[in-house]
Amino acid sequence: MVYDVVGFQTCSDRDNFRRYVAASLDGEPLHGDRMAAQGETTTASVFPIGIDATAFRKLAEAESSKGPILPDLGEGMKTIIGVDRLDYTKGLPERLRAFEQLLEEFPEHRGKVRLVQIAPPTREILPVYQEIREDVERLVGRINGRFGDLRWTPVTYIHHGVPQDILTRLYREAAVGLVTPLRDGMNLVAKEYIAAQAPQDPGVLVLSRFAGAAEQLREALLINPHDINEMARALDRALTMPRQERWARHNRLWQRIETYDLANWRDSFIQSFAESDTDPVKLFSKKLGAA
Ligand SMILES: Nc1ncnc2c1ncn2[C@@H]1O[C@H](COP(=O)(O)OP(=O)(O)O)[C@@H](O)[C@H]1O
Ligand SMILES: O=P(O)(O)OC[C@@H](CO)O[C@H]1O[C@H](CO)[C@@H](O)[C@H](O)[C@H]1O
């Protein structure tokens with residue numbers, strides 16, 4: 001409560017904070033987003049972090065004019081892209097199992113789809129991160145061994161960073177962006193995938209309902225990342241979605257990330273901070289303190 005403004009990524013995070021202040025600090029709501037507790041006032045508001053959407057789209061447009069970056073595996077080959085730190089929050093083993101389930105349950109996709117998973121290392125010193133890496137590598141090997149053949153490797157797994165220009169090309173080439181964290185404050189990869197799409201022929205975002213981004217990106221295919229069957233079915237739906245529906249969903253998603261971009265995040269935060277200084281309750285308590 002000593003802060004003038006406390007920012008949250010989502011309404012649900014902000015509401016949790018308000019409930020906590022009311023229940024545990026005897027707080028009470030004031031006007032708008034202001035709250036009072038323990039002799040202090042603060043503003044608890046939602047500022048969803050955005051990306052520089054227009055710049056990202058332009059970069060993707062320019063980069064994609066250089067041609068495809070992935071090897072040509074014949075007409076009709078579709079790509080699913082995942083880009084995440086190799087972190088226990090990102091739901092990577094569940095995602096790989098869902099891809100395996102897709103190939104199992106929908107054999108028509110065998111030989112026609114590949115999953116490109118970019119997962120650079122993070123906090124490798126911790127045992128839990130070593131375990132998740134072993135899990136992921138075991139699953140990649142299992143899927144490739146089980147379904148792959150001499151021509152087609154189902155999962156391409158890259159365990160290092162990739163420059164942003166290459167990343168934008170990968171996003172744009174992929175028919176599906178697969179973002180399935182078990183929990184995430186926001187998730188910028190989801191927004192980058194949308195920004196990188198070709199507007200007339202966009203791909204489909206499959207997004208965890210437990211990512212903060214899901215509150216804004218409602219036209220994505222929202223899934224429960226613990227439910228392997230639901231994810232596999234969403235992947236099938238994304239891979240077979242008609243162009244008109246892809247276009248309509250993408251159009252709405254793009255408008256939202258363009259409106260709530262990085263500049264909007266910065267400006268709304270600063271404006272809220274400036275307004276908190278003119279809060280009558282705060283000015284009154286400041287005056288009292290000085291007296
Ligand atoms: N292999 C990679 N190479 C380059 N950039 C990456 C790679 N993996 C993730 N990133 C970048 O890191 C950022 C991840 O942000 P986010 O999705 O919010 O997750 P988190 O902050 O939890 O890592 C994105 O901007 C993404 O482009
Ligand atoms: O140590 P933990 O378990 O609290 O780790 C939380 C971590 C899991 O990804 O998330 C935070 O650290 C990340 C990298 O350092 C950061 O990118 C993320 O935004 C944080 O929430």
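**View 1. The shell of residues around ligand 1.** In this predicted model, ligand 1 is surrounded by 14 residues, of which the closest are Arg85, Lys90, Val162, Leu188 and Glu192; a residue is counted as near a molecule if one of its heavy atoms lies within 4 Å of it. By class, the shell around ligand 1 comprises eight nonpolar, three polar and three charged residues, where Ala, Val, Leu, Ile, Met, Phe, Trp, Tyr, Cys and Pro count as nonpolar, Asp, Glu, Lys and Arg as charged, and the others, Gly among them, as polar. Helix 5 (164-173) and helix 6 (188-196) each supply at least two residues of this shell, and helix 6 gives the most, with three residues; helices are DSSP runs (H or I, at least four residues) numbered from the N terminus.

**View 2. Polar contacts of ligand 1.** Polar contacts with a ligand are pairs of N or O atoms within 3.5 Å. A side-chain N or O atom of Lys90 is 2.8 Å from an oxygen atom of ligand 1, and a polar side-chain atom of Glu192 lies 2.6 Å from an oxygen atom of ligand 1, whereas His160 places a backbone N or O atom 3.5 Å from a nitrogen atom of the ligand. Taken alone, ligand 1 exposes 570 Å², of which the protein buries 72% (Shrake-Rupley method, 1.4 Å probe).

**View 3. The surroundings of ligand 2.** Arg85, Asp87, Tyr88, Thr89 and Arg123 surround ligand 2, a shell with one nonpolar, one polar and three charged residues. Oxygen atoms of ligand 2 are found 3.2 Å from a side-chain N or O atom of Arg85, 2.9 Å from one of Asp87 and 2.8 Å from a polar side-chain atom of Arg123. Ligand 2 taken alone exposes 490 Å², and the protein buries 39% of that.

**View 4. The packing of helix 2 with helix 8.** Helix 2 (residues 53-64) and helix 8 (residues 243-259) pack with their axes 9 Å apart and at an angle of about 125 degrees; axes are lines fitted to C-alpha atoms over the stretch in contact, and angles run from 0 to 180 degrees between N-to-C directions. The two helices are therefore oblique to each other, since angles under 35 degrees count as roughly parallel, over 145 as roughly antiparallel, 65 to 115 as roughly perpendicular and the rest as oblique. Ala53, Thr54 and Arg57 of helix 2 meet His250, Trp254, Ile257 and Glu258 of helix 8, contact meaning heavy atoms within 4.5 Å.

**Notes.** Residues are numbered from 1 along each chain as its sequence is written, with chains lettered from A and ligands numbered from 1 in the order in which they are written. Local features need pLDDT of at least 70 and side-chain atom pairs count only at pLDDT 80 or more, while totals for chains, interfaces and linings use all residues, and side-chain values use heavy atoms, with hydrogens and water left out.

Technical notes: A polar contact is a pair of N or O atoms within 3.5 Å; within protein, one must be able to donate a hydrogen and the other to accept it, and residues adjacent in sequence count only if both atoms are side-chain atoms.
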